Amino acid sequence: MKIGCHLSSSGGYLAMGQTAVSIGANVFQFFTRNPRGGAAKPIDKADVAAFNEYAAANGIGPILAHAPYTLNAAGAEERVREFAEMTMADDLRRLELTPGALYNFHPGSHVGQGAEKGIELISSMLRRIFDNFGSTPSTTVLLETMAGKGSEVGRNFEELRAIMDLSGLNLGVCLDTCHIWDGGYDIVGNLDGVLEEFDRVIGLDKLKAIHLNDTMNTLAAHKDRHEKIGKGKIGLEAFERIVNHPKLRDLPFYLETPCDLQGYKEEIALLKGLQK
Ligand code: FE
Ligand code: FE
Ligand code: ZN
């Protein structure tokens with residue numbers, strides 16, 4: 001089972017790898033830079049090289065880099081969109097040092113311009129980044145399924161499919177269990193039906209990662225408040241079905257629950273115990 005959680009990147013790559021192993025994880029997620037800020041720390045190539053060696057030796061991966069929350073490719077102001085483009089391009093360049101990584105981002109918020117306009121802006125930004133990259137990035141870029149809070153784009157499978165189609169790029173999807181539940185997909189009562197819908201609209205071959213989060217909210221609340229596994233409205237039985245589902249069980253699972261390291265260690269053990 002590939003399972004891990006979100007880790008702090010403040011100590012560098014090797015430290016994240018070692019922390020992952022210490023809590024029983026073999027994958028992890030991290031922010032490429034301050035989630036609410038701008039500039040990234042200069043990359044320490046010796047640290048990345050040491051991590052790559054450690055990851056290979058310990059069977060760690062794929063690692064999932066998460067873009068900052070402030071990245072909004074669908075913003076109304078040009079300054080906001082330029083920041084998004086610059087940030088993602090820079091993140092993808094840095095991720096070439098850890099080949100085969102996943103890069104997940106929130107598609108954006110259209111801030112009143114309408115979902116269609118948002119989808120257009122996001123798709124054209126992705127297109128430009130890939131066109132200017134010089135080669136095909138070794139990283140797989142993932143669109144995250146969103147809860148539909150405010151003017152979030154990606155609140156249903158159709159909007160993600162539209163970004164994939166319009167950009168013409170080979171993008172993947174990161175499915176967040178809290179977000180799709182809050183977005184109105186009943187993964188508790190009808191997991192098979194939701195996955196069939198995902199397959200019909202997007203294609204299950206595009207599903208590359210799962211964010212495992214319980215939620216504080218009722219179905220279709222469009223709120224996005226994560227809860228510890230088994231302590232929220234999704235509940236442990238549903239998570240047992242999720243980690244054992246034949247279409248999901250081999251995907252990497254990343255926890256983003258409100259836990260400290262000890263809490264994550266316990267959730268990882270709990271979920272490993274649930275997978276048969
Ligand atoms: Fe996210
Ligand atoms: Fe998430
Ligand atoms: Zn969330």
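This is a predicted model: local features need pLDDT of at least 70, side-chain atom pairs count only at pLDDT 80 or more; totals for chains, interfaces and linings use all residues.
Residues are numbered from 1 along each chain as its sequence is written, chains are lettered from A and ligands numbered from 1 in the order in which they are written, and side-chain values use heavy atoms, with hydrogens and water left out.

**Metal sites**

- The iron ion (ligand 1) is coordinated by H66 (NE2), H106 (NE2) and E144 (OE) at 2.1 to 2.3 Å. Donors are N, O and S atoms within 2.8 Å of the metal (3.2 Å for Na, K and Ca); water is not among the atoms, so sites may look incomplete.
- Along the chain, the donors of the iron ion (ligand 1) have the spacing H-x39-H-x37-E. H66 lies in strand β3 (residues 64–66) and H106 in the loop between β4 (102–105) and β5 (108–109), so this pair ties together parts that are 40 residues apart in sequence. Helices (H or I, at least four residues) and strands (E, at least two) are DSSP runs, numbered from the N terminus.
- H66 counts as buried at 1% relative accessibility, and H106 counts as buried at 19%. Buried means under 20% relative accessible area, exposed over 50%, and partly exposed in between (1.4 Å probe, protein chains only).
- E144 coordinates both the iron ion (ligand 1) and the iron ion (ligand 2), which are 3.3 Å apart.
- The zinc ion (ligand 3) has H179 (NE2), D224 (OD) and H226 (NE2) as its protein donors, at 2.0 to 2.4 Å. The spacing of these donor residues in sequence is H-x44-D-x1-H.
- H179 in helix α6 (residues 177–182) and D224 in the loop between β10 (214–215) and β11 (226–227) link distant parts of the chain, 45 residues apart. Both H179 and D224 are buried.
- A distance of 5.4 Å separates the zinc ion (ligand 3) from the iron ion (ligand 1).

**Helix α3**

- Helix α3 (residues 78–95) has 18 residues and reaches 26 Å from its first C-alpha to its last, close to the 26 Å expected at 1.5 Å a residue. The expected span is 1.5 Å times one less than the number of residues.
- Among the buried residues of α3 are A84, E85, M88, L92 and L95.
- The buried residues of α3 pack against α1 (13–22), β2 (27–31), β3, β4, α4 (115–132) and β6 (140–144).

- The largest pocket has a volume of about 330 Å³. Of the 22 residues that line this pocket, the closest to its centre are S9, Y13, T32, K41 and R94.
- On a 1 Å grid over the protein atoms alone, a cavity is a set of points where a 1.4 Å probe fits but cannot get out, and a pocket is an open set with protein on both sides within 12 Å along at least five of seven lines; lining residues have an atom within 4 Å of a point. Grid points are joined across faces, edges and corners, and a volume is the space filled by probe spheres set on the points.
- α1, β2, α2 (45–58) and α3 each supply at least two residues of the lining of the largest pocket, and α3 gives the most, with three residues.
- There are two cavities of 30 Å³ or more, and the largest cavity holds about 50 Å³ of space.
- The lining of the largest cavity includes L175, T177, I187 and L191.

**Two buried residues**

- E152 is in strand β7 (residues 152–153) and counts as buried at 8% relative accessibility.
- The side chain of E152 reaches the backbone nitrogen of A147 at 3.5 Å and that of G148 at 3.0 Å.
- L212 is in strand β9 (residues 207–212) and is buried, with a relative accessible area of 0%.
- The C-alpha atoms of L212 and F239 are separated by 8.3 Å, and the two residues are 27 places apart along the chain.

**Backbone geometry**

- Most residues other than glycine have a negative phi, and most peptide bonds are trans.
- The peptide bond from G61 to P62 is cis, with omega near 5 degrees; P62 is in the loop between α2 and β3.
- V111 is not a glycine but has a positive phi of about 40 degrees. V111 lies in the loop between β5 and α4 and counts as partly exposed at 47% relative accessibility.
- A220, in the loop between β10 and β11, has a positive phi near 65 degrees.

Technical notes: A polar contact is a pair of N or O atoms within 3.5 Å; within protein, one must be able to donate a hydrogen and the other to accept it, and residues adjacent in sequence count only if both atoms are side-chain atoms. Contact means heavy atoms within 4.5 Å.
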